[in-house]
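Welcome, and thanks for taking a look at this model with me. Please have the coordinates open as you read.

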Amino acid sequence: MSLAEVWRAARPAVAGVHLDSAACSRQSYAVMEAAAQHAQHEAEVGGYVAAEAATPTLDAGRAAIGALTGQRDVVFTTGSNNALDLLLSSWPGERTLACLPGEYGPNLAIMAANGFAVRALPADGDGRLDVDAARRALAADPPALVHLTALGSHRGLAQPVAELAAVCAELGLPLVVDAAQALGHLDCAVAPAAVYGSSRKWIAGPRGVGFLALDADLVRRLRPRIPPPEWNLPMSVPERLEHGETNLAARLGFSVALGEHLAAGPEQVRARLAEVGAMTRDAVADIDGWRVIEARDEPTAITTLAPTGGADPKTVRQWLIDERGIVTTVAERQRAPFEMTTPVLRLSPHVDVTADELELFVRALADATRA
C-alpha cells in the first residue's frame with residue numbers, strides 16, 4: 001500500500017472533503033483508541049495510578065519529539081501558544097526579540113504580554129527571510145532572542161530555518177522556532193535553542209496538547225516563575241515547566257500519533273506533502289476570481305487563495321461546508337497583522353488527498369464564488 005492508502009485506511013471515512021490539516025488533521029483509530037483506553041483505565045484504577053502506567057508511552061512521545069527536533073529536554077504543553085508563553089515568561093534576561101514582519105499574530109500578542117520589544121528581521125518581497133541581511137542585522141544589533149515561524153499560518157512559505165540556525169549559532173544568539181505548522185511537514189531538527197508546536201496539525205494528534213523542546217544551554221538559563229525559584233524545590237526546569245494536572249489522554253494520543261509519523265517515515269511524509277502542494281496548486285491555478293499565493297514548487301502542502309474579484313473568503317468557506325461538506329480555513333488579517341492586507345482562503349490537504357477530491361473542490365469553489 002502507498003503512504004496515502006495507509007494513511008486513509010487508518011482513519012474513519014471523511015464526511016465530505018477535508019482540506020484543513022493546517023488547522024486540525026484527522027486522527028487515526030489508534031490515536032483515538034489510546035486516549036479512550038486511558039480514560040477507561042482512569043475510571044478503573046484511579047487517575048494517578050493510570051498516569052504512572054502511561055509513563056512509558058509518554059516517554060516514547062518525548063523521545064519522538066526529540067528525534068524530530070534534535071532536542072533532549074521535551075515538555076508537554078497544552079499547545080503552541082502555551083509553549084511560547086512558558087518559554088518567554090521564564091526568560092531571565094533582556095527582553096528584546098527579532099522576528100519576521102509576517103509573524104503570527106497570536107505569537108506577537110504573547111511576546112507583548114511578556115514585555116518583549118520586537119524588531120523586524122529582513123525579508124524579501126514574498127515574506128521569506130533574507131539570511132544574509134539577517135546575519136548583518138543580528139551582528140550589528142543583537143537581540144536577546146531570535147524567533148522564526150518555520151511555516152506560517154497564512155501562507156505556505158517554507159522559511160530557511162537551518163540557515164538561520166547556523167547564523168544564530170555563529171553569533172551566539174538563542175533561536176526559537178515555532179514549528180506548529182512545520183512539525184511533521186518540514187525538517188525541524190536544525191539545532192535551535194528551542195522548538196515548540198502542537199499535536200493537532202500535520203502530526204494528526206488530539207487537540208489541546210503541544211510541546212516545548214529545549215537545548216541544554218537554554219534549560220540552564222531559564223527561570224520558571226512557578227513554583228518560585230527561591231523555594232529551592234528538587235525539580236528540574238522541564239519539570240517546573242510541565243503542568244502535571246492535565247488531560248493525560250491527549251498526551252497519550254499525541255505520543256501514538258508521533259509514533260505513527262516515525263513509522264511512516266518523516267522524509268517520505270515530507271516528500272509526499274510537497275507533491276500534494278504541487279497537485280493542489282495545479283488544480284486551483286485557473287479558478288476565476290482567485291489568485292494562488294505560493295509558487296507551484298514551494299515544498300509545502302499549504303496553498304492560499306487570495307480573492308481577485310471581490311469574493312469574501314469567510315462567506316465562501318461557510319458555503320463550501322454547508323453545501324458541499326468541504327472543509328477549508330479562512331486566514332484573516334490578524335494572523336499576520338503586519339504583512340497581510342486581505343483575508344485568504346487556505347487549503348491544506350494531507351498525504352491522502354486524491355485528484356478527484358481536488359477536482360470536487362475546484363468545481364465547488366467556482367459555484368461558491370458565483371453564489
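This is a predicted model: local features need pLDDT of at least 70, side-chain atom pairs count only at pLDDT 80 or more; totals for chains, interfaces and linings use all residues.

Residues are numbered from 1 along each chain as its sequence is written, and side-chain values use heavy atoms, with hydrogens and water left out.

Let us begin with the domains. The protein chain is split into domain 1 (3–27 + 266–370) and domain 2 (29–264), with bounds that come from an automatic or database domain assignment. Their C-alpha centres are 26 Å apart. Where they meet, 40 residues of domain 1 contact 37 residues of domain 2; contact means heavy atoms within 4.5 Å.

Next come the aromatic rings. How many aromatic pairs does a search of the whole structure find? It finds 1. Rings of Phe, Tyr and Trp (its six-membered ring) pair if their centres lie within 6.5 Å, and planes under 30 degrees apart count as stacked, over 60 as edge-to-face and the rest as tilted. The pair is edge-to-face because the rings of phenylalanine 76 and phenylalanine 254 have centres 6.2 Å apart and planes at 65°. Distant parts of the chain are linked by this pair, with phenylalanine 76 in strand S2 (residues 73–77) and phenylalanine 254 in helix H11 (residues 248–264), 178 residues apart. Helices (H or I, at least four residues) and strands (E, at least two) are DSSP runs, numbered from the N terminus.

Leaving aside neighbours within four places in sequence, the contacts of glycine 210 include Phe76 and Phe254.

The table gathers relative accessible areas; buried means under 20%, exposed over 50%, and partly exposed in between (1.4 Å probe, protein chains only).

| Residue | Relative accessible area | Class |
|---|---|---|
| Phenylalanine 76 | 1% | buried |
| Phenylalanine 254 | 0% | buried |
| Glycine 210 | 0% | buried |
| Serine 21 | 2% | buried |
| Serine 90 | 2% | buried |
| Cysteine 99 | 2% | buried |
| Cysteine 24 | 26% | partly exposed |

Two serines in the table sit in loops. Serine 21 is in the loop between strand S1 (17–18) and helix H2 (29–45). Its side chain makes a polar contact of 3.3 Å with that of serine 25 (a pair of N or O atoms within 3.5 Å; within protein, one must be able to donate a hydrogen and the other to accept it, and residues adjacent in sequence count only if both atoms are side-chain atoms). Not counting residues up to four places away in sequence, serine 21 touches Arg200, Lys201, Trp202, Ser348, Pro349 and His350.

Serine 90 lies in the loop between helix H5 (80–89) and strand S3 (96–99). With residues up to four places away in sequence set aside, serine 90 touches Leu222, Arg223, Pro224 and Leu241. Helix H5 is itself mostly covered, with 7 of its 10 residues buried, among them Leu84, Leu87 and Leu88.

Finally, the cysteines. The structure holds 0 disulfides, a disulfide being a pair of cysteine sulfur atoms within 2.5 Å. For cysteine 24, the nearest cysteine sulfur is that of cysteine 188, 18 Å away. The sulfur of cysteine 99 is 12 Å from the closest cysteine sulfur, in cysteine 168, which is too far for a bond.
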